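Let's take a walk through this structure together, with the sequence open alongside. We will go from a loop to a sheet, then to the core and the last helix.

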Amino acid sequence: MDFDNNDDECENNELCCRRKVNLDNGPYLNSKLGKGIIKEVVVNCLINDSVIPVASSEKVQQPSQPSTKAEKKKSIQKVSSDSSSTVSMEVKSKLFVEVVAPVESALNKVSVIGCGAVGMACVFSILTQNVSSEVAIFDLNADKLKGELMDLQHGSAFLKSAKISASSDDLKITANSRVIIITAGVRQKENESRLELLQRNVEILRSMVSKLVSYSPNAVLIVVSNPVDILTYVSWKLSGFPQNKVIGSGTNLDTSRFRFLISEKLNIAPESCHGWIIGEHGDSSVPVWSGVNVAGVTLKDVYPALGTDNDKENWKEVHKNVINSAYKIIQLKGYTSWAIGLSVADLSLAILRNSQKVHAVSTNVKGLHGIDDDVYLSLPCVLGENGIVKTIKQELNEEETKQLKISAKILAEHASQLKI
Ligand SMILES: NC(=O)c1ccc[n+]([C@@H]2O[C@H](COP(=O)([O-])OP(=O)(O)OC[C@H]3O[C@@H](n4cnc5c(N)ncnc54)[C@H](O)[C@@H]3O)[C@@H](O)[C@H]2O)c1
């Protein structure tokens, strides 16, 4: 039995998929999984059969189904594409025998707040990489949102059973999300520092965070809007969530830039270059030169001057380029989008699949590495279904610890000036 030839049949038939998975258990299934061909089908089917594990302390709440017709109509004002007029009951009754009403949300629902360059790059990465089978988008700009929604929906025949919805006036569209990604905000302008964006973006969070968490009490929040570390701290305060459930995308992107730039210097793949950027997502970020390695060979052992002022090979330039990347890209194309979209999709995947993968994300670092302030900064963290599960005790050298503390002080100072 070949799944590849049965896409249409499979796509709309959960039981059929499930049965096939069971029948094909064994070498066939393993080889298909190995190639990544049917992983998504299995996951979709299991999701629809509600087998996705949920942290024991949290119960997934399915939305209550609107009971009357009037309730159904007013439940959520969705943005809809122009062609979405409904089919009459008469036609429906000729076409279907309704067994049971479909549940309203998938258990892997992701919501993205903000349909700007970053929000849409997150949505696109999540959909095309099958991170979630349901994405809701919220943005106040109704026309842009409708355009984005239509454009995406017209591509849905090329996606794997993804449901996409949007609203410009009701955050209830996000209800029952497992991950909520906040990208709404004012965009960083050319030469504008991330910290300068601060107060404008705090107000946006004040308008939405408490509503978002009330509609999705089981969600993990991923904050992307800049300055991301402070806005993650603000979101945590506003949400009332425990600290594990509010994450900033932090230096996950900087770390990816770091690995790419190292890979270019060494001429090997970025995935094989191991190194971390920690601290602030921005100008005071800290490159952990002491831990940069390829296959366990620490570069600093091979070349002790690595990342220092005496470094003739100028590795310091790699970190400078990490910091300046955003400014440079904004200068060239007006905004950054693809890398941050891919990075956030990866974080969402780690959460939804309970992967226990390590990512550099922004978390409350009080008490770690000698930091006394209540601040959010990036450190390597283990991610699972309930957000940040563990923080890695990285062995930093004296200089790295000093830089991290400077980063913390800068952020604590800014945070102290905020009206939350
Ligand atoms: N953390 C990172 O690594 C990283 C990387 C790139 C960009 N960013 C940040 O992400 C944010 C978004 O960037 P962008 O390029 O997409 O900006 P953008 O201007 O293209 O989009 C922002 C969107 O937010 C919407 N918005 C504003 N207020 C809103 C509200 N109250 N409710 C709902 N939607 C609202 C706007 O209508 C707009 O569509 C910025 O703060 C930017 O600095 C972060």
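With 17 C-beta neighbours inside 10 Å, His-369 counts as partly exposed; a residue is called buried if 20 or more other C-beta atoms lie within 10 Å of its own, exposed if 12 or fewer, and partly exposed in between, with C-beta atoms placed from the backbone. His-369 has a positive phi of about 50° although it is not a glycine, and its place is the loop between β11 and β12. Before going on, please note that this is a predicted model, in which local features need pLDDT of at least 70 and side-chain atom pairs count only at pLDDT 80 or more, while totals for chains, interfaces and linings use all residues. Residues are numbered from 1 along each chain as its sequence is written. Helices (H or I, at least four residues) and strands (E, at least two) are DSSP runs, numbered from the N terminus.

Now follow the loop into the sheet. Strand β11 (residues 357-364) and β12 run antiparallel and are joined by eight bridges; strands pair if DSSP finds at least two bridges between them. On its other pairing, β12 runs antiparallel to β13 (residues 387-391), with four bridges, and these two form a hairpin with two residues between them. Why is β12 described as largely enclosed by the rest of the structure? Because eight of its nine residues are buried.

Let's turn to the largest nonpolar core, which has 89 residues, among which Ile-137, Ile-181 and Ile-222 touch the most other members. Such a core is a set of buried Ala, Val, Leu, Ile, Met, Phe, Trp, Tyr and Cys residues joined through C-beta atoms within 7 Å. Helix α15 (residues 338-352) supplies the largest share of this core, eight residues. Domain 2 (110-248) and domain 3 (252-416) both give residues to the core, so it lies between them; the domain bounds come from an automatic or database domain assignment. Beyond its neighbours within four places in sequence, Ile-222 is in contact (C-beta atoms, placed from the backbone, within 7 Å) with residues including Val-179, Ile-181, Val-344 and Leu-347.

Of the 15 residues of α15, twelve are buried, including Val-344, Leu-347 and Ser-348. Just after α15, Asn-354 takes a positive phi of about 50°.

Finally, look at α16 (residues 398-416). Its 19 residues should span 27 Å at 1.5 Å a residue, and the end C-alpha atoms are 27 Å apart, which agrees; the expected span is 1.5 Å times one less than the number of residues. Which residues of α16 are buried? They are Glu-400, Leu-404, Ser-407, Ala-408, Leu-411 and Ala-415. These cover an arc of only 100° around the axis, which puts them on the same side of α16; the arc is that of the directions from the helix axis to the C-beta atoms. Turned away from this buried side is the face with the exposed residues Glu-398, Glu-413 and Ser-416. The cover over the buried residues of α16 includes α11 (228-239), β7 (277-278), β8 (286-287) and β12 (376-384), which brings us back to the strand of the hairpin.

Key. Two residues are in contact if their C-beta atoms, placed from the backbone, lie within 7 Å.
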